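Please examine the sequence and the structure shown here before reading the report below.

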Amino acid sequence: MIGQLAHRPDAAGAPRLPLPGHLDVWLVRRPRLDTAAGTLALDELSEPERRRTASFVRPADGVTYASAHIALRRLLGAYLGMPAADVPFVREPCPGCAGPHGRPAVRHPDPPLHFSLAHSHGMAVVAVSRAVLGVDVERLPRAETVEVCAAALHPGEQIELARLGAEERRLAFGRIWTRKEAYLKALGTGLSRDPARDYLGADPGRRPAGWALLDLASGPRHNAAVAVRGAPPERVAVRWLPPTATHLDGSVDLAAGGVTTRVSDWGA
Amino acid sequence: MDLTTKNWVFDDLDDLDDLDYEFARDHVAEPEPPDLAHLAACDPAERTRLIDAYVRGELARVLRVPPDTIDTVGRPMNSLGIGSINGLELQRRMEAVLRVDVNLNRLLRANSAAELIDCLAGQLGPGDSLHKHDGRGDHLVAHDVLGTP
């Protein structure tokens, strides 16, 4: 899987920024628990990231977090042409209060690329583009959870959910929520903005103007979605990051094969 | 690894996440709602003890673990396993039982469950408590004017 353009995580090189109009999505799955501690490149994480890795009650969550952040550093290092451990992370100003807790970025102002990271129960998603974007992935919620939470959604979303049977409602809630959180992350507000305020339901024509929302194929147990500001991307590439890419001796290959599609092919 | 959409390797997530996913096998417990009048009348230590027990119970329900395994002091909510969806569930359950407004964003960013418990204890004390917030401003927990009987 390591091709000619593979980027060693400790190496500097020429930046290979995504082209304007292109959206790169990388799916990451956590490694097995019994081998993760010996294989993951934990030394590339910052001290706060390592502390966070160790703080999770469930070891599986810690390994998911660590593999997601190693993958993020290595991917951004490859795009930016710098060692993974040196990728600078800053926070953009919050659009609500201007405090330093807005979108994560590699520079502010005028970052060379935009990225977003999400992880949930064994799976992580990294999205990279020249446009502002947000991504989310969530495990499929329980029916009981949907029952409790549906009233927090936009009225139009609630109506759509009420028409569905229990199993379909779980799937639909997961799709709505991941679109919503991806959108709110892209806005920079996160969940400080009321989840009932914006419609992210099944009708694309009613969704926020000026944004493209894409549902991602993410298997039977997760929902995932990306929100991109502006026109829909001309090209969307969705790829699994090979498990070895987060290993101590691994590297990422930005030219790896994957699924490349036009945005009109997506079911969002 | 197969990289086509038709044969993406979702199936072999089974070996990694089966125990996480099978909700039916998880621990499920219904927490005992505290009496709001008693919470307002009792002394602060008793109020905190009762709210601690209730919040542990709600955390245990959404996380599907036994209440006595919840670490309320040493870990942020995310490290306990609280994400946006089960955080929303936790928020809505607590708001319905305790008749307060809980800020979801602040809940998800709380440094520990104890921070939430302390805020709830301040909010659910006597009516003239200096700790009470009226819903304006960016508080983790605020007085739910409309929801108060």
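Predicted model: local features only at pLDDT ≥ 70, side-chain atom pairs only at ≥ 80, totals over all residues.

Residues are numbered from 1 along each chain as its sequence is written, while chains are lettered from A and ligands numbered from 1 in the order in which they are written.

**The sheet of chain A**

In chain A, three strands form an open antiparallel sheet, ordered β7-β9-β8. Strands (E, at least two residues) and helices (H or I, at least four residues) are DSSP runs, numbered from the N terminus, and two strands pair if DSSP finds at least two bridges between them. The edges are held by β7 (133-139) and β8 (211-216) of chain A; each has a single partner strand, so one side of each lacks a neighbour in the sheet. On average, neighbouring strands of this sheet are turned by 15 degrees against each other, direction ignored. Such angles run from 0 to 180 degrees between N-to-C directions, with axes fitted as lines to C-alpha atoms, for helices over the stretch in contact.

Seven bridges connect β7(A) with β9(A), and Glu138(A) stands opposite Asn223(A) in β9(A). Six bridges join β8(A) to β9 (residues 222-229) of chain A. Opposite Leu214(A) stands Val226(A) in β9(A), and Asp215(A) has Ala225(A) as its bridge partner there. β8(A) and β9(A) form a hairpin with five residues between them, and Gly219(A) in the turn has a positive phi of about 85 degrees.

Seven of the eight residues of β9(A) are buried, so this strand is largely enclosed by the rest of the structure. A residue is buried if 20 or more other C-beta atoms lie within 10 Å of its own, exposed if 12 or fewer, and partly exposed in between, with C-beta atoms placed from the backbone.

Helix α6 (residues 166-187) of chain A lies across β7, β8 and β9 of chain A, running at about 145 degrees to β7(A). Contact between two residues requires their C-beta atoms, placed from the backbone, to lie within 7 Å.

**Backbone features**

Most residues other than glycine have a negative phi, and most peptide bonds are trans. The peptide bond from His108(A) to Pro109(A) is cis, with omega near -5 degrees.

| Residue | Phi | Loop in chain B |
|---|---|---|
| Arg99(B) | about 55 degrees | between α5 (84-98) and β1 (100-102) |
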